[in-house]
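Here's a quick briefing to read with the model open beside you.

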Amino acid sequence: MLNIDLHSHSRVSDGVLSPSELVLRAHGNGVKMLALTDHDEVGGVSEARKTAAGLGIELVSGVEVSITWAGTSIHIVGLHVDENDPVLVERLFQNRTGRMDRAKRMGERFAALGVQGAYEGALGYVTNPNLISRKHFARFLVDSGVCPTISSAFERFLKDGGPAYVRHQWATLAEAVQWIREAGGIAVVAHPGRYKLSDVALHAFLDEFRQLGGIGIEVVTGSHSPDQYLYFARLANRYGFLASVGSDFHAPAESPVDVGRLPDFPCPVEPVWRDWR
């Protein structure tokens, strides 16, 4: 299989590399097709595309839209969206509005837990204040010695339902799929194995996603285990979804899988890029 990575992040959202640095790292790892999918933001795509063009990498313009479905935070990746579409840009801006207030409330929760200065500390890792996230808090917790790793910071404090977690109402599933499609893109469920959904809820979600015009799910991704690769490959075939692959790379020292360092699909599936050339 061609070395393809359709889920990655730059410091325009919560990654640590600039869009150009991300593309250079992907090139060093042999990537031939890369999607930049920053959270609720397409501002880094232009820079990434310019760098990719000089390296022979096909750059896919993407975004990862935050949604709330049945009280659960879920992410929908849009691929081949028009990053210059003013309607999409405005809708993404509206979706990320409120992150700062949420972060302040998380800081208050950390203070009550005995961790002082968490909000200010997290801000020190932010390049786009409108996109402050749990990842920035996790970096502060690791660098200040409160937690040994990013994953332990999430497990101890920041996971859904954790003592510092603050629920936020994002876009609806219908809105996210509509925004992506109206901007010329295709909608893909990001890392479906990460969500705390029962089997019944997962199937209900996928049914609704398909009915709304979603066409794919990530099968091989940085947060899936090998068993999950096979499970979601079979689920993609069952639903008639196209299969995507993405590292969800954020930072060299944090991400479980480096950009472009993913295995092949575990069984025959229809890849999301089948009709792109």
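Let's start inside: the lining of the largest cavity splits into 4 nonpolar, 1 polar and 3 charged residues. Keep in mind that this is a predicted model. The cavity count is 1 at a threshold of 30 Å³ or more, while the largest pocket has a volume of about 1000 Å³.

**The cavity**

- The space in the largest cavity comes to about 40 Å³.
- Its lining is made up of R99, R102, A103, M106, I132, S133, R134 and F137.
- Two helices, α4 (99-112) and α6, each put at least two residues into that lining.
- Helix α4 is the top contributor to the cavity lining, with 4 residues.

**The largest pocket**

- With a volume of about 1000 Å³, the largest pocket is lined by 31 residues, and the ones closest to its centre are H75, R134, K135, F154 and R194.
- R134 turns up in the lining of the largest cavity too.
- At least two lining residues come from each of β4 (72-79), α4, α6 and α7 (150-158).
- Helix α7 has the largest share of the pocket lining, at 4 residues.
- By residue class, the pocket lining holds 6 nonpolar, 13 polar and 12 charged residues.

- How many residues of β4 are buried? The count is 8 of 8, so the strand is largely enclosed by the rest of the structure.
- On one side of β4 you'll find T72, I74, I76 and G78, with S73, H75, V77 and L79 pointing the other way, and all of them are buried.
- Strand β3 (residues 58-69) runs antiparallel to β4, and 8 bridges join the two.

**Salt bridges**

- The salt-bridge count for the model is 12.
- One of them links the side chains of E254 and R139, at 2.5 Å from N to O. E254 sits in the segment after β7 (242-246) and R139 in helix α6 (residues 134-143), so this pair ties together parts that are 115 residues apart in sequence.
- Are the two partners buried or exposed? E254 is partly exposed, at 22% relative accessible area, whereas R139 is buried, at 5%.
- R194 is in the loop between β5 (186-189) and α9 (199-212) while D248 is in the segment after β7, so the pair connects parts that are 54 residues apart in sequence.
- Here R194 is partly exposed at 37% relative accessibility, and D248 is buried at 9%.
- Salt bridges with shared partners also join E270, R274 and D275 into one network.
- R167 and D160 make another salt bridge, with an N to O distance of 3.3 Å.
- In this pair R167 is partly exposed, with 46% relative accessibility, and D160 is partly exposed as well, with 36%.

**Cysteines**

- How many disulfides does a search of the whole structure find? The answer is 0.
- C147 is buried, at 4% relative accessible area.
- C267 is buried too, at 19%, and the cut-off for that label is under 20%.

Conventions:
Residues numbered from 1 in each chain as written. Predicted model: local features only at pLDDT ≥ 70, side-chain atom pairs only at ≥ 80, totals over all residues. Heavy atoms only, no water. Salt bridge = Lys/Arg side-chain N within 4 Å of Asp/Glu carboxyl O. Buried < 20%, exposed > 50% of the residue type's maximum accessible area, 1.4 Å probe, protein only. 1 Å grid on protein atoms, 1.4 Å probe; cavity = no way out; pocket = protein on both sides within 12 Å on 5 of 7 lines; lining within 4 Å. Points joined across faces, edges and corners; volume = space filled by probe spheres on them. Nonpolar A, V, L, I, M, F, W, Y, C, P; charged D, E, K, R; others polar. Pairing = 2+ DSSP bridges. Disulfide = S-S within 2.5 Å.
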